Amino acid sequence: MMFQTEFNLVGNNTLASSVQADYFYSFSTQEELLWSLENKPEKQLCLILGGGSNIVFTSDVNGVVLHNAMQGITAVDESDGSVLIEVAGGVEWHSLVQWSIQRGYAGLENLSLIPGTVGAAPIQNIGAYGVELCDVFESLEAVEIKTGKCRQFNKLQCDFAYRHSVFKTLEYRGKWVITSVMLKLRSAILNTAVGFQTGYGEIEAELARRNVTELSPQIMSDVVVSIRRRKLPDPADLPNVGSFFKNPIVSDVDFQRIQQQHPGMVNYTMAEQRVKLAAGWMIDSLGWKGREMDGAKVHDKQALVLINAGGGGQAVVNLSECIQKDVVNSFGVFLEPEPLILGAFK
Ligand code: EPU
């Protein structure tokens, strides 16, 4: 077991930022993880990296990067039409989705093709097309970086919300390694009419286009994959981190004010008199789609996605700040970045 030094992370982040980590180690077992926590050089930063699909490096990492490569998917219990599966943190999210679909298990189909790993999924409570990780989540196992102690977090303790969990709060952020996640899927679908989330407009349209009469996890997954492929760029071709901003949530009163000035504003009504606004629509309506600025570009099919067009993470952040200013000036709304943006750590 050994740390690699001056390790280039270009292949370990989907934005393809070419930055160096002082130390790098990829762990495949709990023992290797504990070894690396005990033996890592004393540096301020100890960063846990999964697929690197929700992180923006703007400079070299002056510290230790630990890459979670723990593998394994096990069905631990099956009863009453549901199945509990335990998945190691380093498993690629989409391989898990495929694994479940091949077995006819339902629950993950709308989350098809999301980049990243299973261990990273709870941190921002990944979501797409009306489903979020928390809908199928049971519990997770994590190791505390400071002490090496193992702990279980149940669903309540994770405090999930839209693109949020306890692991994004100051108290927990960057302090835990998620080593495995327990999910509860459906092994028998009794009523397909209520068994699948088809409410999202684009899904309904694609199902109609395909003349689908009987739903299955496989069909839903195929539909989601084709929608995503149409709008979201493959990081292998166009380096990106998916949505760069969260969709902002405002009060009903603020929404009424904004809508008066911008009647076309795409929005979704939420609980507690709050409204979620489509950040992609706002950015698009200001003419940003397809614009390139100093080596960073707004994707020409989805304005919420920013691409590294040669300038690296800092260029993408500079572009994102221009967009934020424009949106604040025009709509009075602040767009919060979705990925973790890492600056210089000294
Ligand atoms: N829109 C535009 N122009 C654009 C982009 C969007 O007018 O350039 C409009 C669309 O026409 C639509 C609305 O804005 O009416 C919402 O767009 P879309 O359905 O593409 O979804 P989104 O809100 O932009 C969110 C998630 C995605 C997820 C999709 C589908 C966030 C931050 N993003 O995007 O998640 O795949 O919904 O559920 O919530 C990610 O997190 O990285 C991600 C890709």
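Predicted model: local features only at pLDDT ≥ 70, side-chain atom pairs only at ≥ 80, totals over all residues.
Colleague: Which residue in β18 is the bridge partner of M293?

Modeller: A296 is the β18 residue bridged to M293.

Colleague: And what is the strand order in the sheet they belong to?

Modeller: The order is β13-β19-β18-β17, an open sheet of 4 strands with antiparallel pairing. Its edges are β13 (240-243) and β17 (292-293), each of which pairs on one side only.

Colleague: Which helix packs on that sheet?

Modeller: Helix α9, residues 312-331, packs there and touches β17, β18 and β19 (305-308). The direction of α9 makes about 145° with that of β19.

Colleague: While we're on α9, I was looking at V328, which sits in that helix. Is V328 buried, partly exposed or exposed?

Modeller: V328 is partly exposed, since its relative accessible area is 35%. That value falls between the 20% limit for buried and the 50% limit for exposed.

Colleague: What is V328 in contact with, apart from its close neighbours in sequence?

Modeller: Once neighbours within four places in sequence are set aside, V328 is in contact with V333 and F334.

Colleague: How many bridges join β15 to β16?

Modeller: 3 bridges do, and β16 (residues 274-277) runs antiparallel to β15. T269 has V275 as its bridge partner in β16.

Colleague: Okay, zooming out. How is the chain divided into domains?

Modeller: The domains are domain 1 (4-68), domain 2 (73-230) and domain 3 (240-342). The centres of domain 1 and domain 2 are 25 Å apart, taken over C-alpha atoms. In the contact, domain 1 supplies 13 residues and domain 2 supplies 16 residues.

Colleague: Which residues have the most contacts inside the largest nonpolar core?

Modeller: W93, L96, L108, L140, F167 and L183 do, in a core of 58 residues. Strand β12 (residues 176-186) gives the most to this core, with 6 residues. At least three residues come from each of domain 1 and domain 2.

Colleague: Take L108 as an example. What is it in contact with, beyond its neighbours within four places in sequence?

Modeller: L108 is in contact with W93, L96, V97, S100, V136, L183 and L185.

Colleague: Last topic, charges. How many salt bridges does a search of the whole structure find?

Modeller: The search finds 8. One of them links E206 and R210, with the closest N and O atoms 2.8 Å apart.

Colleague: Why does E206 count as buried?

Modeller: The relative accessibility of E206 is 2%, so it counts as buried, because the cut-off for that is under 20%. R210, at 35%, counts as partly exposed.

Colleague: Which residue does D284 form a salt bridge with?

Modeller: D284 pairs with K289, and their closest N and O atoms are 3.1 Å apart. D284 is partly exposed at 31%, and K289 is partly exposed at 34%.

Colleague: And K297, what does its side chain meet?

Modeller: The side chain of K297 meets that of D300 in a salt bridge, 3.5 Å from N to O. K297 is partly exposed at 22%, and D300 is partly exposed at 45%.

Notes: Residues numbered from 1 in each chain as written. Heavy atoms only, no water. Pairing = 2+ DSSP bridges. Helix = DSSP H or I, 4+ residues; strand = E, 2+ residues; numbered from the N terminus. Contact = heavy atoms within 4.5 Å. Axes fitted to C-alpha atoms, helices over the stretch in contact; angles between N-to-C directions. Salt bridge = Lys/Arg side-chain N within 4 Å of Asp/Glu carboxyl O. Buried < 20%, exposed > 50% of the residue type's maximum accessible area, 1.4 Å probe, protein only. Core = buried A, V, L, I, M, F, W, Y, C linked by side-chain atoms within 4.5 Å. Domains from an automatic or database assignment.
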